[in-house]
Amino acid sequence: MLKPFVHAFLILVGCFAFWAAASAQMLGAPPRSAPLPSVEVHQLPSMEKPVTFDAEKATDAYLARIKGPARARSDAYFEGGYVLQVVDTIYALVLMGLLLWFRISARIRDYAQNLTRSRFWQVPIYFIAFFAIVTVASFPLSVYEQFFREHAYGLSNQNFGQWFGDFATNFAITLVMTTILITLLYAGIRAARRAWWLWGAGLSIFFIAMTVLIYPVFLAPMLNHYQPLADGPVKQQILSMARANGVPATNVYEFDASRQSNRISANVSGLFGTTQISATDNLLKRGTLREIKAVIGHEIGHYVMNHVIVNILWFAIVFAIVFWLTDRAFRFLTGIFGGNWDVRTVDDPAGLPALYASFAFFMFLATPFMNTIIRTQEAQADIFGVNAAREPDAFATAVLKLSEYRKLDPSPLEEWVFYDHPSGRNRIYMMMRWKAEHMNDPDIKTGPVSPQ
C-alpha cells in the first residue's frame with residue numbers, strides 16, 4: 001500500500017531538485033559541467049598498398065623506346081620538312097615572278113580574251129592554263145617531296161606508276177574545285193571592288209568548309225577503297241564509344257591506306273546524316289585493340305567538340321587579315337611594276353600570280369599561328385580521347401608508331417613554329433599525367449603497366 005506513495009515522493013523530490021538547479025542558474029549560480037568520457041581517435045589501416053607513379057619518369061621511359069637509327073631517321077625526316085616549307089614558298093614566289101616578268105600571265109589573259117568577250121568565262125579559261133603551267137613547273141619538286149623522299153625514309157608503298165595515278169587524281173579534283181573558286185573570286189572582285197578582300201576571305205573559307213566536310217565521304221573514295229569493317233569486338237567497342245559520346249554513326253569503315261604508306265590514322269567526319277567513322281587498314285592491322293580505341297577516341301573528340309566549325313571560325317579571322325594584306329601588297333607591287341607586267345587592276349586575271357605570291361608569303365608568315373590553332377585542338381582531342389577510351393598507355397604506344405614521321409622531342413620554340421600537333425613528348429606526358437590521377441580506378445589498376 002505504501003509503494004505508490006514512495007514513488008510519488010521520489011518524483012516530487014526529483015522535480016524539486018530540477019527546480020532548485022534551474023533557479024540557481026537563473027540567479028547566477030555557476031553551472032557545473034557534467035563529466036565527459038575520454039574518446040580516442042585512431043587512423044584505420046589502409047586496405048591497399050599505396051601506388052607510386054611518376055608521370056615524367058614514365059614519359060621518359062616511353063620515349064627511350066625509340067632510339068638509335070630509328071630516332072635519328074624520324075628527326076631528320078621531320079626537320080627536313082622545315083626546310084621544304086621555306087623552299088616551297090621561295091619556289092612559288094620565283095615561279096610567280098617569272099610568269100609576271102616574262103608576261104606569260106598577260107599572254108594567257110590575252111588568249112582568253114580572244115576566245116570570248118565574257119569576262120566571267122575569261123577567268124576559267126585563264127586559270128586552267130595557269131594551273132597546268134604551274135603544275136608542270138612544280139612537278140620536279142612534287143616528285144622529289146612526295147615520291148623519292150618518302151621512299152628514302154621508308155614511308156611509301158607505291159611504285160612510280162601508282163604514285164602518279166594518285167597525283168593525277170588529285171590534280172583533277174584540285175583543278176575542278178579551284179577553277180570554280182577562282183572564277184567566283186574574280187566575279188566577286190568585279191562586284192565588290194575595293195572590298196574584294198573581304199569577299200575573297202569569305203568565299204575561300206566557304207570552300208575550305210565544304211572540302212573538309214565532303215572530302216572524306218565523297219572525294220576520298222576516289223583515291224582509296226572504303227568498306228564496312230567486319231563485325232567483331234573492334235567494331236562493337238568503337239560503336240559503343242561513339243554512342244556513349246553522341247556520335248550518330250551506325251557503321252565503321254575501313255579503307256586501304258596501305259596502298260600509299262604504313263601510316264596509321266582514322267577520322268570521324270560528315271554532316272547532315274553523312275557522319276561516319278573511318279579507320280585505315282594500317283591502324284587495324286598494326287594497332288592493338290587498346291590502341292585502336294585510343295586513336296578513335298581522339299577522333300571522336302574532334303567531332304564532339306565541333307573542331308571543324310571552330311577551325312573554320314579561326315581560319316576566317318586569319319584569312320580576312322591575310323587577304324587584306326594581299327590586297328595592299330598587290331596595289332603596292334602593281335603600282336611599281338604593273339607596266340612591266342601589263343597588269344594594272346586587281347580584277348585583271350593576269351594579276352593572279354601577284355595575288356597568289358602575296359597570299360603565299362603572308363600565309364607562310366602566319367604558319368606559327370595556324371599551327372597553334374590546330375595544335376591546341378589536337379591537345380583537346382587527346383584529353384577527350386583518353387577520358388572516352390581510358391587507354392593512356394595504348395595512346396602512348398600509338399604515338400610511338402607515329403614517330404616514324406614525327407619528331408618526338410623538339411624544343412619549345414620548334415614545336416610552336418612547326419608542329420600542328422603536340423609533340424610526342426607532350427602527348428605522352430598528357431597521358432601519363434591523366435593516368436597518375438586515375439591509378440586507383442579498377443580498369444587502370446588492372447590495365448597495362450607503364451614503364452618507370
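**Crossing of α11 and α12**

In which sense, left-handed or right-handed, does helix α11 pass helix α12? In this predicted model, α11 passes α12 in a right-handed crossing. Helix α12 comprises residues 352-365, and the two helices pack at an angle of about 135°, with their axes 8 Å apart. The pair α11 and α12 is therefore oblique.

On the α11 side, the contact is formed by Phe319, Val322, Phe323, Leu325, Thr326, Ala329, Phe330, Leu333 and Trp341. The partners contributed by α12 are Ala354, Leu355, Ser358, Phe359, Phe362 and Met363.

**Packing of α7 against α11**

Helix α11, which spans residues 307-341, also packs with helix α7, residues 196-219. The angle in this pair is about 145°, and the axes lie 8 Å apart. The crossing of α7 past α11 is right-handed.

From α7, the residues in contact are Trp196, Trp197, Gly200, Ala201, Ser204, Ile205, Ile208, Ala209, Val212 and Leu213. They meet Val308, Ile312, Phe315, Ala316, Phe319, Ala320, Phe323, Trp324, Thr326, Asp327 and Arg331 of α11. The residues of this contact comprise 16 nonpolar, 3 polar and 2 charged. Phe319, Phe323 and Thr326 of α11 take part in the contact with α7 and also in the contact with α12.

**Packing of α10 against α13**

Helices α10 and α13 pack at an angle of about 120°, their axes being 7 Å apart. This angle makes α10 oblique to α13. Their crossing is right-handed.

The contact brings Lys293, Ala294, Gly297, His298, Ile300, Gly301, His302 and Val304 of α10 against Gln377, Glu378, Ala381, Asp382, Phe384, Gly385 and Ala389 of α13. Its residues divide into 6 nonpolar, 6 polar and 3 charged.

**Helix α16 and its surroundings**

Helix α16 covers residues 424-436, which is 13 residues. From its first C-alpha to its last it reaches 18 Å, close to the 18 Å expected at 1.5 Å a residue.

Which residues of α16 are buried? They are Gly424, Arg427, Ile428, Met430, Met431, Met432, Trp434 and Lys435. The buried residues of α16 pack against several helices, including α10 (289-304) and α13 (367-389), the pair described above. Also among the partners are α2 (55-63), α14 (392-402) and α17 (442-445).

Methods:
Residues numbered from 1 in each chain as written. Predicted model: local features only at pLDDT ≥ 70, side-chain atom pairs only at ≥ 80, totals over all residues. Heavy atoms only, no water. Helix = DSSP H or I, 4+ residues; strand = E, 2+ residues; numbered from the N terminus. Expected span 1.5 Å × (residues − 1). Buried < 20%, exposed > 50% of the residue type's maximum accessible area, 1.4 Å probe, protein only. Contact = heavy atoms within 4.5 Å. Axes fitted to C-alpha atoms, helices over the stretch in contact; angles between N-to-C directions. Left-handed = near helix turned anticlockwise from the far one by under 90°. Nonpolar A, V, L, I, M, F, W, Y, C, P; charged D, E, K, R; others polar. Parallel < 35°, antiparallel > 145°, perpendicular 65-115°, else oblique.
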